[in-house]
Amino acid sequence: MNKKCTKYEGLFIFADDATLQRHLKECPECRAEHEKMQKVSKLLQEVKPVYVQKHKQTAQIKIACAVCAMLLSGTVLGLINFNTDISDTIKYGTTLSAEDLGLPVDSYGLILVE
Ligand SMILES: [Zn+2]
């Protein structure tokens, strides 16, 4: 009965390179397995630059979106902060006049100076 060698995975992961090479020389099954792994490794090396490129583009798009969001929210918040009519409308539902603020006003709603 021909038993299949199961050492390859264990040696590949846990043993040092010299031990793996020694076993590969004496075991044809593991040698075939190792050749398959080398092919996969070569394929991965070929495909790697494409994935790196894609990853870089995705990162650049994310940075651009973050910058746009910061600029937009900064502009909107700055506008609300410095334009008191907008912030009054948001807080109280209407713009506040000098009378609403408790200042002395004349019949035109202008601040009265005595
Ligand atoms: Zn083997």
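Helices are DSSP runs (H or I, at least four residues), as strands are runs of E of at least two, and they are numbered from the N terminus. The structure is a predicted model, in which local features need pLDDT of at least 70 and side-chain atom pairs count only at pLDDT 80 or more, whereas totals for chains, interfaces and linings use all residues. Residue numbers start from 1 along each chain as its sequence is written.

The protein chain is divided into domain 1 (7–82) and domain 2 (84–114), with bounds from an automatic or database domain assignment. The C-alpha centres of the two domains are 62 Å apart.

Helix α3 (residues 28–82) and helix α4 (residues 84–92) have axes that come within 5 Å and cross at roughly 90°. Axes are lines fitted to C-alpha atoms, for helices over the stretch in contact, and angles run from 0 to 180 degrees between N-to-C directions. The two helices α3 and α4 are therefore roughly perpendicular to each other; this term covers 65 to 115 degrees, while angles under 35 count as roughly parallel, over 145 as roughly antiparallel and the rest as oblique. On the α3 side L79, I80 and N81 meet I86, S87 and I90 of α4, contact being defined by C-beta atoms, placed from the backbone, within 7 Å. By class, this contact of α3 with α4 has four nonpolar, two polar and no charged residues. Nonpolar denotes Ala, Val, Leu, Ile, Met, Phe, Trp, Tyr, Cys and Pro, charged denotes Asp, Glu, Lys and Arg, and the others, Gly among them, are polar.

Helix α1 (residues 7–14) packs with helix α2 (residues 17–26) at an angle of about 155°, their axes being 8 Å apart. That angle makes α1 roughly antiparallel to α2. In α1, K7, L11 and F12 meet T19, L20 and H23 in α2. The contact of α1 with α2 comprises, by class, three nonpolar, two polar and one charged residues.

Residue A32 is found in helix α3 and is exposed, with 12 other C-beta atoms within 10 Å. The C-alpha atoms of A32 and K7 are separated by 13 Å, the residues being 25 apart along the chain.

After α4 comes G93, whose phi is positive, near 85°. L110 is found in the segment after α4 and is exposed, with 12 other C-beta atoms within 10 Å. L110 and A98, 12 residues apart along the chain, have C-alpha atoms separated by 7.2 Å.

How values were computed. Contact = placed C-beta atoms within 7 Å. Buried ≥ 20, exposed ≤ 12 C-beta atoms within 10 Å, placed from the backbone.
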